[in-house]
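Subject: Structure handover

Hello,

Here is the structure you are taking over, followed by notes on what was found in it.

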Amino acid sequence: MADTASTAESTEKDSHDESHDDSKRDFLLNSTIAVGAAGTVLAVWPFIDSMNPSKDVLALASTELDISSVEVGQSITAIWRGKPVFIRRRTAKEIAAAKAVNLADLKDPEADKDRVKKDQWLILVGICTHLGCIPSGQKSGDVKGDFNGWFCPCHGSHYDTSGRIRKGPAPKNLQVPPYKFIDDTNILIG
Ligand code: FES
């Protein structure tokens, strides 16, 4: 009888302990989920925030430039989004040479008229499309390559007076960045 009473008492104790353990487990589980969710929010926020461009990056997203002092036959280099941008005021001879090319002879066929907004002004991202070197040809006296445009000294790519690849390993023409003329002497790149 005493045994029966003791067994009943022990069963009751066990069930009390179990329900105590269950609620403890539930508490721990809920706490873990709550901390986990907070941790996720904290971890995601800096990540999302880092995807928003900072103010200085936004400021550089476009570059306004006064090109009135560039003489015919001269080139200048601007920086847009950290990249060099070549701006060449082409001579009549350079324009004529760019227009005279048979598109069938080009590796990356593009008519000159589709690469400029005004014949005299050629605007290009100054990065070789092979492996990213900066071609020479901006300064008078620079090597300009066989087609009188730009020459990439890294592996010998030659670009013409429209910035199109004519010889060497580069697969594409020099890229024309997005830009517009604000007026006759000011451009906005980007
Ligand atoms: S990077 Fe210009 S030719 Fe290779």
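The disulfide count for this predicted model comes to one. The bond joins Cys133 and Cys154, whose sulfur atoms are 1.9 Å apart. That distance meets the criterion because a disulfide is taken as a pair of cysteine sulfur atoms within 2.5 Å. The two cysteines sit 21 residues apart, so to speak in distant parts of the chain: Cys133 is in the loop between strand S4 (121–125) and strand S5 (150–152), and Cys154 is in the loop between S5 and strand S6 (157–159). The torsion about the S-S bond of Cys133 and Cys154 is about -95°, and the disulfide is therefore left-handed.

Next is Glu94, which belongs to helix H3 (residues 92–100). Its relative accessible area is 9%, so Glu94 is buried. Leaving aside residues up to four places away in sequence, Glu94 touches Arg88, Arg89, Asn148 and Thr161.

Although Asn148 is not a glycine, its phi is positive, at about 60°. Most residues other than glycine have a negative phi. Asn148 is located in the loop between S4 and S5, the loop that also holds Cys133. With a relative accessibility of 41%, Asn148 counts as partly exposed.

A positive phi also turns up at Arg81, where the value is near 50° and the residue is again something other than glycine. Arg81 is placed in the loop between strand S2 (75–80) and strand S3 (83–89). Its relative accessibility is 53%, so Arg81 counts as exposed; the cut-off for that word is over 50%.

To recap for your own notes: the disulfide is Cys133 with Cys154, Glu94 is the buried residue in helix H3 discussed above, and Asn148 and Arg81 are the residues described here with positive phi.

Regards

Note on methods
Residues numbered from 1 in each chain as written. Predicted model: local features only at pLDDT ≥ 70, side-chain atom pairs only at ≥ 80, totals over all residues. Heavy atoms only, no water. Helix = DSSP H or I, 4+ residues; strand = E, 2+ residues; numbered from the N terminus. Buried < 20%, exposed > 50% of the residue type's maximum accessible area, 1.4 Å probe, protein only. Contact = heavy atoms within 4.5 Å.
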